[in-house]
Amino acid sequence: MSTVPALEAVSADSGFRRTEIERRPVGPRDVEIEIDYAGICHSDIHTVRDEWGGARYPVTPGHEIVGRVRSVGEEVEGLAAGDVVGVGCFVDSCGRCEQCTAGLEQFCAEGVVATYNTPLPDGTTTRGGYSGAIVVDEHFVLRVPEALDPARAAPLLCAGITTYAPLKRWGAGPGRKVAVLGMGGLGHVAVKIAAAMGAEVTVLSQSLSKQEDGLAFGATDYFATKDPATFEDNRGRFDLILNTVSADLSVEDYLSLLGVNGVLCSVGLPTEPYSVRPGALVGPQRVLTGSMVGGIPEHREMLEFCAEHGVEAEVELIGAEDVDAAYDRVVASDVRYRFVIDVTRGLG
Ligand code: NAP
Ligand code: ZN
């Protein structure tokens, strides 16, 4: 057992305080990682502020982790002290069920163990990357390609895989018109990945304030969703809309932008139900679907893809004392484009 510094929230409105948490002893299949960077995902905020229900305080979030291997258990092969590695949204699963054996650990029949806020049989709850170190089963530890900057790679462990998986599944590529709805942490990575896949990419953002950036990330068009003309001018245009918006929105308005067989895939997780008339789906045979991160093999593929195509997140590095203010800025869509905690500043 080791004790490491961490941030924790003790209630929905407590904000963060510095604390010490326990990490388990390094087992035969474990990798002990000294954390350098932890991205701030909007899911951290939904959890900490208990917007989804089920927060198990104290909560130490963080599932966009990059660091260096400090030590490995005796059965671990292929990883050694000093290697730059990442950990994403989950850290364990049964490893035997149909989903796990298919490399879709996020859908483990026995329940995937999330990197934070999952109760464990010993009565403790998993604690995430806003901390000095973490001990993780080797299966869930990803090697970060050398071509990627470690701080800018951290957000790929959630924002990257969450957007890569559905973009690939729904055929983003040459000749396909893809719209990315919401250009925050997930959205800006989605624009880069979809462009690297060869798709024609349009950004649908609340305003035009980030237009220059969106075009630099690889989009060819950029529209403000607060302008009603956006919905008139783009009616029936897209093959795929990837919805990364963290807030409730009128899904039907966006379905109208899809052509025949068009797909609206949501990864954003606000709390209110969607309201959709059957006719909005049936007539043009549209698909309304969702996507949940990705499996471990697809994480490896995504990291290689990003290394090959130079896809990294745009990050603002902050110290441990800045996290509360960063949360407010994320909620206000005032982030360019991912806050990443430099764990050595205040937690190392
Ligand atoms: P984020 O950085 O806050 O980005 C969300 C974007 O949504 C904002 O930048 C903004 O884009 C848009 N937005 C925010 N409030 C809005 C409003 N009231 N109306 C319209 N648009 C609004 O969040 P994120 O970290 O990318 O996460 C996005 C969502 O994905 C969250 O709900 C998160 O929990 C979820 N998520 C899901 C998965 C999964 O596996 N499915 C994984 C990770 C995260 P513009 O400024 O461009 O308008
Ligand atoms: Zn996330």
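User: Where is the place of Y337?
Analyst: Y337 sits in the loop between α11 (323-331) and β17 (338-342). Bear in mind that this is a predicted model.

User: Which residue does a cis peptide bond join to Y337?
Analyst: That residue is R336, and omega for the R336 to Y337 bond is about -10°. Most peptide bonds are trans.

User: And the peptide bond from Y57 to P58, cis or trans?
Analyst: The bond from Y57 to P58 is cis, with omega near -5°. P58 belongs to the loop between α1 and β4 (65-72).

User: Where is N117 found?
Analyst: N117 is in the loop between β7 (113-114) and β8 (133-137).

User: Is N117 buried or exposed?
Analyst: N117 has a relative accessible area of 17%. Buried means under 20%, so N117 counts as buried.

User: What about phi of V293?
Analyst: V293 is not a glycine either, and its phi is positive, at about 30°. The loop between β15 (287-290) and α10 (296-309) holds V293. With a relative accessibility of 9%, V293 is buried.

User: On to the ligands. Which residues come nearest to ligand 1?
Analyst: There are 28 residues around ligand 1, and the nearest are H42, M183, S205, K210 and R338.

User: How far is a polar side-chain atom of R338 from an oxygen atom of ligand 1?
Analyst: The distance is 2.6 Å. H46 also brings a polar side-chain atom to an oxygen atom of ligand 1, at 2.8 Å. For Q206, an N or O atom of the side chain lies 2.8 Å from an oxygen atom of ligand 1.

User: How much of ligand 1 does the protein bury?
Analyst: On its own, ligand 1 exposes 910 Å², and the protein buries 90% of that.

User: Which elements give two or more residues to the shell around ligand 1?
Analyst: Those elements are α1 (42-48) and α5 (185-196). The most comes from α1, which gives three residues.

User: And by class, what does the shell around ligand 1 have?
Analyst: The shell has twelve nonpolar, 14 polar and two charged residues.

User: Which domains does the shell around ligand 1 draw on for at least three residues each?
Analyst: Domain 1 (2-158 + 312-342) and domain 2 (160-290) each supply at least three residues to that shell.

User: Last topic, the zinc ion. What coordinates ligand 2?
Analyst: The zinc ion (ligand 2) is coordinated by C41 through SG, H63 through NE2 and C158 through SG, at distances of 2.0 to 2.2 Å.

User: What spacing do the donors of the zinc ion follow along the chain?
Analyst: The spacing is C-x21-H-x94-C. C41 lies in the loop between β3 (30-39) and α1, while C158 lies in the loop between α3 (150-153) and α4 (159-169), so the pair ties together parts that are 117 residues apart in sequence.

User: Is C41 buried or exposed?
Analyst: C41 is buried, at 3% relative accessibility.

User: And C158, buried or exposed?
Analyst: C158 has a relative accessible area of 4%, so C158 is buried too.

How values were computed
Residues are numbered from 1 along each chain as its sequence is written. Chains are lettered from A and ligands numbered from 1 in the order in which they are written. This is a predicted model: local features need pLDDT of at least 70, side-chain atom pairs count only at pLDDT 80 or more; totals for chains, interfaces and linings use all residues. Side-chain values use heavy atoms; hydrogens and water are left out. A residue is near a molecule or strand if one of its heavy atoms lies within 4 Å of it. A polar contact is a pair of N or O atoms within 3.5 Å; within protein, one must be able to donate a hydrogen and the other to accept it, and residues adjacent in sequence count only if both atoms are side-chain atoms. Accessible areas come from the Shrake-Rupley method with a 1.4 Å probe; for residues, only the protein chains shown count as cover. Helices (H or I, at least four residues) and strands (E, at least two) are DSSP runs, numbered from the N terminus. Ala, Val, Leu, Ile, Met, Phe, Trp, Tyr, Cys and Pro count as nonpolar, Asp, Glu, Lys and Arg as charged, and the others, Gly among them, as polar. Domain bounds come from an automatic or database domain assignment. Buried means under 20% relative accessible area, exposed over 50%, partly exposed in between (1.4 Å probe, protein chains only). Donors are N, O and S atoms within 2.8 Å of the metal (3.2 Å for Na, K and Ca); water is not among the atoms, so sites may look incomplete.
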